[in-house]
Amino acid sequence: MKKRLPTLKWSIFWISVHAFSVWLVTSIFIGIHDEIIFILLCGVGITIIAKLVRSVTKHETMRLNKQFLLWTFITIFSFWIVRLILLYFNVTEGFLFYILMGLGIFIIGQIVQKIK
C-alpha cells in the first residue's frame, strides 16, 4: 500500500522544523571554513534535531541504527544540493533562505520516502 502525502499541517510543521534546524546548526557551525566539514556537520545536526522531534511527536525512542544513518546521508545531500541551488540564485541568508532550505529538505525527504 502506498503512503499518502502528508497533510498540509504536517508539511508546514516539518518545513518549520527543518528551517529552524538549518538556522540553528548553521549558526553553531558558522566558524567552520572547510566547506565539506560544514556540510557534513550541518546535515548530521539537522538529522539529529528531526529525529528528536519525531521521537517526541510519535512517542518513540530515538535509535541510532541503519535507518538513522540512511536519513543522515539523505539530509547531508539535501542540505548540500538545496544550499547550492540557493547560492546560485544568490539567496544566502535571512528568513527566505531558511524557509527555502526547510522546504527543499522536506521535499527531497518526501521523494525518498515515495521511492523507498
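A crossing of two helices is left-handed if the near helix is turned anticlockwise from the far one by less than a right angle, and right-handed if clockwise. By that rule H2 passes H3 in a right-handed crossing, and H3 passes H4 in a right-handed crossing as well. The model is predicted, so local features need pLDDT of at least 70 and side-chain atom pairs count only at pLDDT 80 or more, while totals for chains, interfaces and linings use all residues. Residues are numbered from 1 along each chain as its sequence is written, and side-chain values use heavy atoms, with hydrogens and water left out.

**Helix H2 against helix H3**

- Helices (H or I, at least four residues) and strands (E, at least two) are DSSP runs, numbered from the N terminus.
- The axes of helix H2 (residues 35-57) and H3 come within 8 Å and cross at roughly 125°; axes here are lines fitted to C-alpha atoms, for helices over the stretch in contact, and angles run from 0 to 180 degrees between N-to-C directions.
- H2 and H3 are therefore oblique to each other, given that angles under 35 degrees count as roughly parallel, over 145 as roughly antiparallel, 65 to 115 as roughly perpendicular and the rest as oblique.
- On the H2 side, the contact (heavy atoms within 4.5 Å) is made by Glu35, Phe38, Ile39, Leu40, Cys42, Gly43, Val44, Ile46, Thr47, Ile48 and Lys51.
- H3 contributes Phe68, Trp71, Thr72, Thr75, Ile76, Phe79, Trp80 and Arg83 to the contact with H2.
- Sorted by class, the contact of H2 with H3 has 12 nonpolar, 4 polar and 3 charged residues; Ala, Val, Leu, Ile, Met, Phe, Trp, Tyr, Cys and Pro count as nonpolar, Asp, Glu, Lys and Arg as charged, and the others, Gly among them, as polar.

- Thr72, in helix H3, counts as buried at 7% relative accessibility; buried means under 20% relative accessible area, exposed over 50%, and partly exposed in between (1.4 Å probe, protein chains only).
- Neighbours within four places in sequence aside, Thr72 is in contact with Val44 and Thr47, and both of these belong to the H2 side of the contact with H3.
- Lys51, in helix H2, is buried with a relative accessible area of 18%.
- With neighbours within four places in sequence left out, Lys51 is in contact with Glu60, Met62, Arg63 and Phe68.

**Helix H3 against helix H4**

- Helix H3 (residues 66-88) and helix H4 (residues 94-115) have axes that come within 9 Å and cross at roughly 135°.
- H3 and H4 are therefore oblique to each other.
- From H3, the residues in contact are Trp71, Ile74, Ser78, Phe79, Ile81, Val82, Arg83 and Leu86.
- From H4, they are Phe97, Leu100, Met101, Gly104, Ile105, Ile108, Gly109, Val112 and Gln113.
- The contact of H3 with H4 has 12 nonpolar, 4 polar and 1 charged residues by class.

- Most residues other than glycine have a negative phi.
- Asn90 has a positive phi of about 60° although it is not a glycine.
- Asn90 is found in the loop between H3 and H4 and counts as exposed at 64% relative accessibility.
- Val91 lies in the loop between H3 and H4 but is buried, with a relative accessible area of 18%.
- Apart from neighbours within four places in sequence, Val91 is in contact with Leu86, Leu96, Phe97 and Leu100.

**Aromatic pairs**

- Rings of Phe, Tyr and Trp (its six-membered ring) pair if their centres lie within 6.5 Å; planes under 30 degrees apart count as stacked, over 60 as edge-to-face and the rest as tilted.
- The count by this rule comes to 7 aromatic pairs.
- Phe20 and Trp23 form a tilted pair, 5.7 Å centre to centre with 40° between the planes.
- Phe20 and Trp23 are 3 residues apart in helix H1 (residues 8-28), and are separated by about one helical turn.
- Phe20 is partly exposed at 45% relative accessible area, and Trp23 is partly exposed at 42%.
- The rings of Phe77 and Trp80 have their centres 6.0 Å apart and their planes at 50°, so this pair is tilted.
- Phe77 and Trp80 both lie in helix H3, 3 residues apart, about one turn of the helix.
- Phe77 is partly exposed at 44% relative accessible area, and Trp80 counts as partly exposed at 37%.
- Ring pairs also link Trp10, Phe13 and Trp14 into a cluster.
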